[in-house]
Amino acid sequence: MPRTVRTLTAGPRKKAAVIAAAVVLLVSCGSDQQEKEPVPEGLGEVTVAADGVQEVTLQTQDDYVFTPDRFTVAPGPVRLTVVNVADQMTHNLEYTDDELPQPIDAGIPVLAPGEQKTIEFEVTTPGDYPFSCTFHAQLGQVGTMTVEK
C-alpha cells in the first residue's frame, strides 16, 4: 500500500505569531549588554576622611557580583569596606597578586552574611588592580580598582 506524505503548512496568522515570538526571544536574550541595576547611593563613592585616607564601600549579596565592581582612587592610603548584605552567601575579597602594578597585602579572607570588614592599604603606582571573591571568581565575581593621578 503506498504511503501518503502530508505536508503541513502554517497559515498567515501562525507564521506571524512564530516570527513575533522569535523577534521577542532575540531581543530579550540575544544581547550581551544587559542593563545593570543602579548602584545604591554611597556605594563605590570615594571620599576622603578627616585623617586624609580615601574611603570606599563595596557591597556583596546573594549573587556573584561586587556592587559596584569598579572604583577609582588616587595614589595614597585607601580604606576599603566590604558589606555583605547576603542572607546566605559567604564572600571574600583578594587582590590578584600576579596582575597588580604593585603588591597589596590586604584582603578579606571570609565575610559571612550580615558582616562588614574594613581593610587599609596604600597604593602609589597608577594602573588597574583586579580583585575577586575567590569563592566565586569562576562565576564572575570580580572587580577592578583603578589608581589614577
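A salt bridge is taken here as a side-chain nitrogen of Lys or Arg within 4 Å of a carboxyl oxygen of Asp or Glu. Glu-55 and Arg-79 meet this criterion through their side chains, at 2.7 Å from N to O. The pair ties together parts that are 24 residues apart in sequence, because Glu-55 lies in strand 2 and Arg-79 in strand 4. The structure is a predicted model.

A search of the whole structure finds three salt bridges.

| Pair | Distance (N to O) |
|---|---|
| Arg-79 and Asp-51 | 2.6 Å |
| Glu-55 and Arg-79 | 2.7 Å |
| Glu-120 and Arg-79 | 2.9 Å |

Side chains of opposite charge can pair when their charged atoms come close.

The side chains of Arg-79 and Asp-51 form one of these bridges. Asp-51 sits in the loop between strand 1 (47–48) and strand 2 (54–60), while Arg-79 belongs to strand 4 (residues 76–84), so this contact joins parts that are 28 residues apart in sequence. Another bridge is formed by the side chains of Glu-120 and Arg-79. This pair links distant parts of the chain, with Glu-120 in strand 7 (residues 116–123) and Arg-79 in strand 4, 41 residues apart.

Glu-55, at 28%, is partly exposed.

Four strands make up an open sheet in the order 1-2-4-7, with mixed pairing. Strand 1 and strand 7 are at the edges and have a single partner strand each, so one side of each is left without a neighbour in the sheet. Strands of a sheet pair through backbone hydrogen bonds, either parallel or antiparallel.

Strand 4 and strand 7 pair in the antiparallel sense, over eight bridges. Val-78 stands opposite Phe-121 in strand 7.

**Confidence**

The chain has a mean pLDDT of 83, and 74% of its residues reach 70 or more. Over residues 16–34 the pLDDT is below 50, and this stretch has two contacts in the model beyond near neighbours in sequence. Where pLDDT is low, the predicted coordinates should not be read in detail.

Technical notes. Residues numbered from 1 in each chain as written. Predicted model: local features only at pLDDT ≥ 70, side-chain atom pairs only at ≥ 80, totals over all residues. Heavy atoms only, no water. Helix = DSSP H or I, 4+ residues; strand = E, 2+ residues; numbered from the N terminus. Buried < 20%, exposed > 50% of the residue type's maximum accessible area, 1.4 Å probe, protein only. pLDDT = per-residue confidence, 0-100. Contact = heavy atoms within 4.5 Å. Pairing = 2+ DSSP bridges.
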